[in-house]
Amino acid sequence: MAERGDESLVHTLKKVAAVLKQSEIPFALGGSFAVYAHGGHSSDHDVDFLIREADVDQALEALVAAGFVAERPPEDWLVKVFDDGRMVDLIHRPIETPVTEETFADTVIRPVDAIHMPVLSATQLMVHKLLSFSQHYCDFARGLPLARSLREQIDWERVRKETQHSPYAEAFLVLLDRLEVVPAAGTQPGEGTS
């Protein structure tokens, strides 16, 4: 994690995870640190945890008791906590979908700087990234490092199925095919690439 350039943010991530574990609040690490936990490359420098909406108040109470400062922003899909100015997002409705037990079932236990925690699967991380693209935000350059670095861990057919309603996701998948990052839909790995 040292190469991320912000050891204090890693320390904050570990503190939040420890408080959530001790409070028995189910959670999953998401975002750029989840990509890193899977061995991938990410250029973002933020901490995202997924929790259920029903656990938001308990999580904030436990984190405030541990010295964090809580904030409820106008966006109704997350809350935030701060540790000496370092921000952590506690997201309960990513991509307009509530966090549920199914969300937590789609995780892998990974060590993050010596603390084992549930991390969103590489497939789910890719789905979240693709469904974040819209007419207001469509920066494919931010999705390419994720796709390239975790491609072998991602179930691409599932990604196609779960994002098929999004023209932005479809365009990104065509780009990945043209760049020979992943095989085209309906081909087996190794087919259609040189």
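Which residues of strand β2 (residues 47–50) point one way, and which the other way? V47 and F49 point one way, D48 and L50 point the other way, and all are buried. Here, buried means under 20% relative accessible area, exposed means over 50%, and partly exposed lies in between (1.4 Å probe, protein chains only).

The structure is a predicted model, in which local features need pLDDT of at least 70 and side-chain atom pairs count only at pLDDT 80 or more, while totals for chains, interfaces and linings use all residues. Residues are numbered from 1 along each chain as its sequence is written, and side-chain values use heavy atoms, with hydrogens and water left out.

As for the whole protein, the secondary structure comes to 8 helices and 7 strands. Helices (H or I, at least four residues) and strands (E, at least two) are DSSP runs, numbered from the N terminus. Of the 194 residues, 47% are buried. The protein exposes about 9800 Å², of which carbon and sulfur atoms supply 50%; accessible areas come from the Shrake-Rupley method with a 1.4 Å probe, and for residues only the protein chains shown count as cover. Where contact means heavy atoms within 4.5 Å, 62% of the contacts between residues at least 6 apart in sequence join residues at least 24 apart.

Two strands pair if DSSP finds at least two bridges between them. β1 and β2 run antiparallel and are joined by 3 bridges, with L29 standing opposite F49 of β2. The pairing of β2 with strand β5 (residues 86–91) is parallel and spans 4 bridges; there, D48 has D89 of β5 as its bridge partner. T103 lies in helix α4 (residues 101–105) and counts as buried because its relative accessibility is 11%.

Helix α8 (residues 167–178) gives a clear view of a helix with a covered face. Its 12 residues reach 16 Å from the first C-alpha to the last, close to the 16 Å expected at 1.5 Å a residue; the expected span is 1.5 Å times one less than the number of residues. A169, F172, L173 and L176 are the buried residues of α8. Seen down the axis of α8, these buried residues fall within an arc of 100°, so they line one face of the helix; the arc is that of the directions from the helix axis to the C-beta atoms. On the other side of α8, P167, E170 and R178 are exposed. The buried residues of α8 pack against α5 (122–131), α6 (140–150) and α7 (156–163).

Finally, some backbone angles deserve a look. Most residues other than glycine have a negative phi. E180, which follows α8, has a positive phi near 60°. E24 has a positive phi near 55° and sits in the loop between α1 (7–22) and β1 (28–30). E24 counts as exposed, at 71% relative accessibility. For D113, phi is positive and near 50°. D113 is found in the loop between β6 (107–112) and β7 (115–120) and is partly exposed, with a relative accessible area of 32%.
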